[in-house]
Amino acid sequence: MLSSSPISRTLRTSKRLAPLVIGAGLVMVLASCTVANSGGSGGGGEAGSLLRVVLPQEPPTLEPCEGSLTSTGIVTRSNITEPLVERNPTSGELEPLLATEWEATGDTEWTFTLRDDVTFSDGSPFTAASAAFAIDRAVNSDLGCNIEGYVFGDDDLVVEAVDDTTLTVTTVRPDPILPLRLSFVEIVPESTSATEKVREPIGTGPYSIASWDTGTKLTLDRNETYWGDAPAYASTEYQWRAEGTVRAAMVTSGEADVAVGLSPDDGAGDLGVSYANNETVALRMSGDLPPLDDIRVRQAINYAIDNTGIIDSLYTDATKSAAQLIPSGVVGFNDELEPWAYDVEEAKALVAEAKADGVPVDAEITLVARNAMFPKITEMAQVLQEELTQIGLNVKLSMVDTSQSLVYQLRPFVRNEGPIVQLIQHGNQAGDAQFSVDQYMTSTGAQSTFGTAEFDAMLEAAGQLSGDERAAAYEEIFAYQNENVVQFATIAHMVGEIALAPTVTYTPDAATGDEIRLADFSPVS
Amino acid sequence: MWTYLRRRIVSSAIPLVVVILGVFALARLTGNPANLYLPLNATDQMREDFAARNGFNDPLLVQMGNYVGGVFRLDFGTSLRTGEDAAAMALRAFPATLQLAGVTMFLAIILAVLVGSWAALKPNGIADRVSSFISMAAASIPDFWLAIVGIFVFAITLGWLPTSGVASGASWVLPIATLLLRPFGVLVQIVRGAMVSSLSEPYIKLAKSKGASSSRVVFRHALRNAAAPALTVAGDLAVGLVNGAVVVETIFGWPGIGKLMIDSILQRDFAVLQAAVLITAISIFTLNILIDLGYALLDPRVRPAGSIRKRRVHAQAIA
């Protein structure tokens, strides 16, 4: 009998056992019938007590000072944590929340009167000291909070708790919209780490975190010590699915009550609800590079774009043609501005005139657009390329991912690829034009490719005003942009869509894309 | 056996080092991720602070040194996105993918063996043609389309299965069915081809003439000899699944490592990407070693690669 190697003998003698071993292993795996990383199966609560929400992505963190990041703020803002004041998205007015009153008590000082009947969900009392701590932590510290960058810039605030219910906030320079800025700062107790961001915060809001099975689901329970009216739902369960059709399917098949971030093609059908979100789509032109440095070419681009045609063929009726970067409801919106007319002949004439003057209209212009930034962006970009080409320009389309698009979008921009027009979507969730114009229109703005000294002076002056004067000044700025600067070709004020189960009552508003206020939901009675 | 394993582990170390250094270099080539983590209107000071806080200002060699040192301590740093420990995130996500891949390959192999053997019994017969058609279709269907159609038909229209998620046993069905099809389709063709040539060998005729039953002929004799090419391809397919069934994980919300890797790439979350790639690489090397051992199990003539024992010719013993 020929012999074989010890390895083969060992393996062969166990070969009959191998299938049994493998089979047994698989049975054990399946017998648990739970997926690793899933934290076990979830169930529905009793009808009316559990609200099931499905988001486009898992919140990367619930740190309140990152609340200006949609993926975080959509869970935390006004649910787990609350600010001192809150903007009403419909009226645009600031409303009291943890603060009952506020007034400017000096050129650079504001004083807030705070509620005295609030506790955090861990039982600790809310006082001016907590508010001071939370603001200091979000704005002045080294945490690098998103709110700090988005709302406050490099300037620090001096906060002082005068007594338990009085807080003063002093700014570096006069700031008429400080209370609006503070509406982004969610208040946390002094026990919160000031040196590290926290993933699961304590707050004063109507809900607190019950459990977070990272990767699978996040559950919030009603905060029984909440100072305000108790929300209708005792618990909320968040899940996430990247694919919009799947989110919509979860609502239509009864697995979820609310799905956000949908597009009309996702199949929500009758359960879909559209709402005007605060996003505006536009082309931003690098107006310091030829041929885009000639205002006639930029005007021609505006004339060449058929806003109405694009909206009618790609989007729903509620989408509106845009004449400025902010939608109505934001302070500074100029309701007398009309979108540019669609006039191909005028556009061609302007291009021809520029060409006759030696402007290199044949130079290749790159149209940059970011994949999946909003529904049907690829189709829109293709239409825009075609429309610009037909007036005599040489336009190449470049679809890029998020990281690449940010290189084109932000200073120091891309300077070695010739003139660029970039398809941007701007959302003004703050409700004041300053948040738009400072970054998009000043000559050194983070997203502004060019500007003028005169325009800079107008922008600076407008930011110092308040009330009706402020609104009027910003309205003039948008008109000036369209007449004299023409950095943008604004296209549409966009519409968002959510799906609601028939058992749920909720009216979406302009803030719904950034915040889902759970207290606004109730079961259909 | 142990000599063999030792040699394989040592020889796997070099590609592992290449992976460790390679993922670092490639990730860093994508540039500074500050834009993705800071608000759009962040000032230059904020970008400076971000870079300093995360060590992106250090020279590349210093960053690499810190990273490699961390790898030896199994410390990959913290996620830029979530602030959690990167290794913990990757280790948490990996078993979910392993479960999905394991069950999928197990079912794919069993089904492919059954269907492929059945088809090979009568080449060009009806069974053969039908199974060829089905397997070609299965290997060609794009998984993202199949997943969405599966949800539409079985979850929305018929209501038999959940749309997605990991809540119940029923939620395994659609993800596994989607992932299963391509490996099944490919393996059927391989098994069928190998079985046809195996079944035409003279020893098969001898076995039949000795009165061996069909099933004994197929499973005891022919299949063992046809198994090696199938094992090669199955191993390759399994590696593809272990790498992360990204599309299935994304569509069905399966909390696996494929989606984690893609999200980390898109968000330039270097720490998590490095941890996830390393864990996946180690598991692939392990899988390759197991496949090698599998060859030895199936064919006594084959010594596992690297064995120092002299090869011997070993005749087929027909019992």
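Trainee: How many of the 13 residues of β17(A) are buried?
Mentor: A residue is buried if 20 or more other C-beta atoms lie within 10 Å of its own, exposed if 12 or fewer and partly exposed in between, with C-beta atoms placed from the backbone. Because of its count, β17(A) is largely enclosed by the rest of the structure; the buried residues number 13 of the 13.

Trainee: What kind of model is this, and from which number are residues counted?
Mentor: This is a predicted model, in which local features need pLDDT of at least 70 and side-chain atom pairs count only at pLDDT 80 or more, while totals for chains, interfaces and linings use all residues. Chains are lettered from A and ligands numbered from 1 in the order in which they are written, and residues along each chain, as its sequence is written, are numbered from 1.

Trainee: How many bridges join β12 of chain A to β17(A)?
Mentor: Helices (H or I, at least four residues) and strands (E, at least two) are DSSP runs numbered from the N terminus, and two strands pair if DSSP finds at least two bridges between them. β12 covers residues 272-285 and runs antiparallel to β17(A). The number of bridges is 10.

Trainee: Which residue in β17(A) is the bridge partner of K320(A)?
Mentor: β13 (residues 320-321) of chain A pairs with β17(A) in the antiparallel sense over two bridges. The β17(A) partner of K320(A) is H493(A).

Trainee: Which residue in β17(A) stands opposite A259(A)?
Mentor: Strand β11 (residues 258-262) of chain A runs antiparallel to β17(A), joined by three bridges. Opposite A259(A) stands A499(A).

Trainee: What covers the buried residues of α15(A)?
Mentor: The buried residues of α15(A) include R470(A), Y474(A) and F478(A). Contact means that two C-beta atoms, placed from the backbone, lie within 7 Å. The cover includes α13, α14 and β17 of chain A.

Trainee: How many residues of α13(A) are buried?
Mentor: The buried residues of α13(A) pack against β16, α14 and α15 of chain A. α13(A) is mostly covered, and of its eight residues the buried ones number eight.

Trainee: Is A446(A) buried or partly exposed?
Mentor: A446(A) lies in the loop between α13 and α14 of chain A. Leaving out residues up to four places away in sequence, it touches residues including L410(A), Q439(A) and L40(B). Because A446(A) has 19 C-beta neighbours inside 10 Å, it counts as partly exposed.

Trainee: How are α5(B) and α13(B) oriented to each other?
Mentor: Axes are lines fitted to C-alpha atoms, for helices over the stretch in contact, and angles run from 0 to 180 degrees between N-to-C directions. The axes of α5(B) and α13(B) come within 8 Å and cross at roughly 45°. Angles under 35 degrees count as roughly parallel, over 145 as roughly antiparallel, 65 to 115 as roughly perpendicular and the rest as oblique. The two helices are therefore oblique.
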